Amino acid sequence: MKELNVMVVGVGGQGTLLTSRIIGKTALSKGYDVKLSEVHGMAQRGGSVVTFVRFGEKVFEPVVEVGQADVIISFEKLEALRYSHYLKKDGVIIVNDHEIKPMTVVTGAAEYPENIFDKLSDKHKVYTIDGKKLALQLGNPKVLNTVVLGFSAKHIGFDKKDWLDVVEKTVPAKTIEINKLAFLAGYDK
Amino acid sequence: MADKIIMLGNEAIARGVYEAGVKVSSAYPGTPSTEISECLAKYNEVYTEWAPNEKVALEVAIGASISGVRSLSCMKHVGLNVASDPLYTFSYTGVNGGSVIVVADDPGLASSQNEQDTRMIGRSAHVPVLEPSDSQEAKDFVKFAYDLSEKYDTPVILRTTTKLSHSQGVVELCDRVEVADKEYQRDVKKYVMMPGSAIGRHVVVEDRENRLAEESCGFDINKVELNDKKIGFVTSGVSYLYVKEAFPNASVLKLGLVNPLPKQLIKKFASQVDRLVIVEELEPVIEEQVKSWGIACDGKNLFTKQGEYSSNMLKKALLNESDVAFDQVNVPNRPPVLCPGCPHRSVFSVLNKLKIHAAGDIGCYTLGAVAPLSVIDTTICMGASISALHGIEKAKGHDFIKNWVAVIGDSTFLHTGVNSLINMVYNKSKATVMILDNRTTGMTGHQEHAATGKTLKGEDTYAIDLAELCKAIGVPYVNVVDAFDIKELEKVIKQSVESETLSVIIAKAPCALLKGQKFPFVCDVNPDDCKKCGMCLKIGCPAISKGADGKVIIDSTACNGCGLCLNYCKFGAIKKVER
């Protein structure tokens, strides 16, 4: 049985939680032991958030530690850079091409880093996707998460069908079809 | 085969409570404990409620226990401070139906004002403390806690930490087992804690703790894993997971009961290993006791008392090993901020403009302390805004607080703020108190409270009118203002702080995250009119930022449409447009 450490990072409110829950449930459906760690409370209010998903034959610790991540999925560019040192030497990072300025940048106390993709590519295997654009093409910017998840799924494993089954069981009933389309839009990209 | 599902630690605790046949639960929300009650509310067999504070919640659970049913109260670590008055005496009375207090500690301060360690309170109140490591154990330990409570006639604390409460793991579900109600019998010596009976109960408490320390050596939840004997770890809770991750082949004594400690079991384990290492987050509760028995061990000489532990940290401390491939990149911080459309921002923008200091309280509005709003000067604990401002006034005189207000949320006001306001009325304060009434308990994720008109189970109920409540206790001036009406707010705040009487301003507008709270418009900037003055940036809205050309941009997907920024643009560059 393989072991995989996944991180989903972004800005509070971007929906990292639902994405990591789908990953966790998919691994569980394939017979893996799963641990998943979430962020609630104050940090959720527009702050930097990170969710960890680990699966394998037996998993103890619920968090992925620095240097242990196989896959990082980031919904925002700056957050990708912030957590990039969590990657293993040969880990991959998937970045949604979207910029949200933190308040420290808005107030002028700090500057938003330039050339983030170049900085990441210097050290890591990087895959980028414009999730918002694909989501808008489907007519609903809210399914951005599922688009990015679909795009990332190939780096995590499992069959397309396994993923779609869990997406169907996890998202609100009214949004099943659009989320499945969103997953496929990312998956086939 | 039983169902195996993936469950949040808090959800598993709720499931354990349900399976254990509990009938009554009372709690006040507090990260990281809130989801326990929310999950429990879904089981019709359990009466579940939000109480105005943790003291009330525990007392409700005590009453239910005395009457003969299994009961629960849950809270965050600082909530136990509020509930510690009943706790210390509940330890004396003991239980009739089993009673468990779930307390969630927050090492690492994910959403708290301190890092206190509940095990210390368990020790001083002589109440047993259980500590599970993962979701499955969380459920199992809850059920064990009820058996323990009834067998030893004691309330039991189940201590969780953020990492357990907010982690998901695989859990096997069981059915609920109904527990027959115990018969209620009047028993003055056990339940009326006046000196004559309490003297006798103190003896019972000491005897109970001694028996438990001895008999717990044989409990399954205190588990010895003998492997490589060079190092033996004594640990509990999530720290056990870090030990197993970092040292899979080491010997471990995993404690499920952390108060009282199973002394003989620890002594025996210590004699079987070359080196004893205690791994416990926060205070050296286990270490100090083990050392007091004359057993040498490592602990806080290697590990910090602060924050959360990790397997990397253990490996570094004990082996000086690290397999980290990359250095951390220096990037701008992204601290939490008030949401777009948050009514607190509107109030703070006015206070900031008027250069008014605020004694703050516990809730989302604590974020009003940071730039660019920078309004809040103090945050201590629930309710302290009002009493601390009163102290400032009494120390420095009324003139000193003519540019001060207290700010407190609606839920926090009902928690303990109202007591402080009674003190102001009674002791002739002339201060200004602002209740930021967003119709919910916001920070913890939108729980109902006594002024929302709904119960935890979603039933309609009486909604306390905050303005009438303030008037009833004798506040002479009470004003209710729409939190987004900044002209009116400015006028009322100025009047109140300058007046020679106590006043309460209720700034009312629903939390932007409540269902249905989106405004029909979003805001947009006409770049031709934007003069780059930056005034709109001073309200600290995360939807507003500066573009490369220095002109302001509003992110239409983030904007909630509250329109606060319009008020701060002198050039009319911001307009409302349809979604």
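Predicted model: local features only at pLDDT ≥ 70, side-chain atom pairs only at ≥ 80, totals over all residues.

## Domains of chain B

## The six-stranded sheet

In chain B, six strands make up an open sheet whose order is S15-S14-S16-S17-S19-S18, with parallel pairing. The edges are taken by strand S15 (376–378) and strand S18 (477–482) of chain B, each of which has a single partner strand, so one side of each is left without a neighbour in the sheet. With direction ignored, neighbouring strands of this sheet are turned against each other by 30 degrees on average.

Helix H16 (residues 384–396) of chain B, for its part, lies across strand S14 (357–359), strand S16 (404–409) and strand S17 (432–437) of chain B, and runs at about 165 degrees to S16(B).

## The four-stranded sheet

A further open sheet of chain B consists of four strands in the order S9-S11-S10-S13, and here the pairing is mixed. Strand S9 (223–225) and strand S13 (275–279) of chain B are the edge strands, as each pairs on one side only. From one strand to the next, the twist averages 15 degrees.

Strand S10 (residues 228–236) of chain B and S13(B) run parallel and are joined by five bridges, and Gly232(B) stands opposite Leu276(B) in S13(B). Helix H12 (residues 263–272) of chain B packs on this sheet, touching S9, S10, strand S11 (250–255) and S13 of chain B, with a direction that makes about 175 degrees with that of S11(B).

## The second largest pocket

What volume does the second largest pocket hold? The space in this pocket comes to about 990 Å³. Its lining counts 38 residues, and the closest to the centre are Val50(A), Tyr83(A), Tyr86(A), Lys163(B) and Glu308(B). By class, the lining residues divide into 18 nonpolar, 13 polar and seven charged.

Two or more residues of the lining come from each of strand S3 (48–56) and helix H2 (77–83) of chain A and helix H8 (162–165) of chain B. The largest share, four residues, is that of S3(A). Domain 1 (4–218) and domain 2 (223–319) of chain B each supply at least three residues to the lining.

## Local backbone features

Which residues of chain B are joined by a cis peptide bond with omega of about 10 degrees? The bond in question joins Thr31(B) and Pro32(B), and Pro32(B) is found in the loop between strand S2 (24–27) and helix H2 (34–40) of chain B. The peptide bond from Asn259(B) to Pro260(B) is cis as well, with omega near -10 degrees; Pro260(B) lies in the loop that runs between strand S12 (257–259) and H12 of chain B.

His126(B) has a phi near 55 degrees, which is a positive value in a residue other than glycine. His126(B) is placed in the loop between helix H6 (118–125) and strand S6 (129–130) of chain B.

Note on methods. Residues numbered from 1 in each chain as written. Chains lettered and ligands numbered in written order. Heavy atoms only, no water. Pairing = 2+ DSSP bridges. Axes fitted to C-alpha atoms, helices over the stretch in contact; angles between N-to-C directions. Contact = heavy atoms within 4.5 Å. 1 Å grid on protein atoms, 1.4 Å probe; cavity = no way out; pocket = protein on both sides within 12 Å on 5 of 7 lines; lining within 4 Å. Points joined across faces, edges and corners; volume = space filled by probe spheres on them. Nonpolar A, V, L, I, M, F, W, Y, C, P; charged D, E, K, R; others polar. Domains from an automatic or database assignment.
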